[in-house]
Amino acid sequence: MLRELPYALQKAVKYPYKIARDVQANTVEALFLSAELARSFSEASGVQVALPYRVERTAFESNPIDSRFALALYDFAPALGWRQEAHLKPMELRASLRALADWHAFFWLGHDPDGAKAKLAAGVWETGSYWHLGQQPEGQLAKLKPNWERLAQEFGYPREWDLGARLEGLAVAASEQAQGLDAANGKVAAWANSKYQTIIHGDPKAPNLFFKGEGEVGMIDLQWCGRGIGAVDVAYCIAASADASAFEGGAHSATQALLDEYHQHLLGAFERYGVAENAADAAKVLPRETFQEQVGRLRSCQCWPCGAP
């Protein structure tokens, strides 16, 4: 119960919109994990999702601080062979990207013969992930330029860098192209990537990933899952979690190899889950060059290794 958590009480006073957002995030997770599709995905792919034994939720839209949630989930216990890594080394990073490829193909919204995916998508975030403008406080973009000017003065950075204004422009461009949202959180008309949407995990970083043996992957924390393009998950996973050893031999070539591995596994998953009938058709569902362009747009606003695409 949120009211019993000291941090939630403080947040309710200072940032009430964040409490409403937290309630929605917990509702999304409960709905997703309770869906039959989540269980079907885990069984079909071999990716272990933190499936629930029991879910209880009571959300109060008019007074969200009194909302309560209880989820009894699968335990990724070390006794069962599971482990976590602070940063993902090459083996774990590649396994994570393959698991994401399975996820994105399985929940691909362009293939929904019985309408189950559309029903699930209606219950999760309309735009998945936390790291987009729609989930950020109002006025966040406007703070970039004055904050940069303050830092430039304090640390003696050249003013001509104008990093604040540049970041503001890049953030808007990335939001429009990767999430289909403009600076005011409005929908972009005729969004070019709309046909490539799936239900994304939304927060695939190291703390939310578990590993067993050399290739088995487990996933937790579905609070930010929702509609989106798979490149959002891929870019975030690499940027937020990759160990430096994943880029030995050159950041550009190593990153391209990671993107190739994800995309090749995605094409195979398109066939396995009925999105495409054969390899040639699978390659048309999400062409490699389109995927590269999607990741490249996101890379502009994330901390990628120097020289990565």
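This report covers aromatic pairs, charges over rings, helix packing and selected residues in a predicted model.

## Basis of the model

Local features need pLDDT of at least 70, and side-chain atom pairs count only at pLDDT 80 or more, whereas totals for chains, interfaces and linings use all residues of this predicted model. Residues are numbered from 1 along each chain as its sequence is written, and side-chain values use heavy atoms, with hydrogens and water left out.

## Aromatic pairs

The structure holds 20 aromatic pairs. Rings of Phe, Tyr and Trp (its six-membered ring) pair if their centres lie within 6.5 Å; planes under 30 degrees apart count as stacked, over 60 as edge-to-face and the rest as tilted. One of the pairs is Trp108 with Phe270: the ring centres are 5.0 Å apart and the planes stand at 70°, so this pair is edge-to-face.

Trp108 sits in the loop between α4 (90-106) and α5 (116-121), while Phe270 belongs to helix α9 (residues 251-272), so the pair ties together parts that are 162 residues apart in sequence. Helices (H or I, at least four residues) and strands (E, at least two) are DSSP runs, numbered from the N terminus. Trp108 is buried at a relative accessible area of 4%. Phe270 is buried too, at 0%. Buried means under 20% relative accessible area, exposed over 50%, and partly exposed in between (1.4 Å probe, protein chains only).

## Cluster and charged neighbours

One aromatic cluster is formed by Phe32, Phe41, Trp103, Phe106, Phe107 and Tyr273. Elsewhere, the charged end of Lys18 sits over the ring of Tyr15, 4.4 Å from the centre. A charge sits over a ring if NZ of Lys or CZ of Arg is within 6 Å of the ring centre and within 35 degrees of the ring normal.

Leaving aside neighbours within four places in sequence, Ala38 is in contact with Phe32, Leu33, Leu51 and Phe107. Contact means heavy atoms within 4.5 Å. Ala38 and Phe106 are 68 residues apart in sequence, yet their C-alpha atoms are 9.8 Å apart in space.

## Helix packing

The axes of α4 and helix α8 (residues 230-241) come within 10 Å and cross at roughly 165°. The two helices are therefore roughly antiparallel to each other. Axes are lines fitted to C-alpha atoms, for helices over the stretch in contact, and angles run from 0 to 180 degrees between N-to-C directions. Angles under 35 degrees count as roughly parallel, over 145 as roughly antiparallel, 65 to 115 as roughly perpendicular and the rest as oblique. On the α4 side, the contact is made by Leu93, Ser96, Leu97, Leu100 and His104; on the α8 side, by Gly230, Asp233, Val234, Cys237 and Ile238.

Helix α6 (residues 144-155) packs against helix α7 (residues 163-179) at about 150°, with the axes 7 Å apart. That makes α6 roughly antiparallel to α7. Leu144, Lys145 and Trp148 of α6 meet Leu163, Gly164, Ala165, Leu167 and Glu168 of α7.

## Strand β5

Phe210 is found in strand β5 (residues 209-212). Phe210 is buried, with a relative accessible area of 11%. Not counting residues up to four places away in sequence, Phe210 touches Phe76, Trp82, Arg83, Gln84, Glu216, Val217, Gly218 and Ile220. Its C-alpha atom is separated by 9.6 Å from that of Ala77, 133 residues apart along the chain.

## Loop residues

Most residues other than glycine have a negative phi. Ser129 has a positive phi, near 90°. Ser129 is in the loop between α5 and α6 and counts as buried at 3% relative accessibility. Asp221 also has a positive phi, near 65°; its place is in the loop between β6 (216-219) and β7 (226-229).

His132 is found in the loop between α5 and α6. His132 is buried, with a relative accessible area of 6%. Beyond its neighbours within four places in sequence, His132 is in contact with Thr127, Gln179 and Leu181. His132 and Ala178 are 46 residues apart in sequence and 9.2 Å apart in space, C-alpha to C-alpha.
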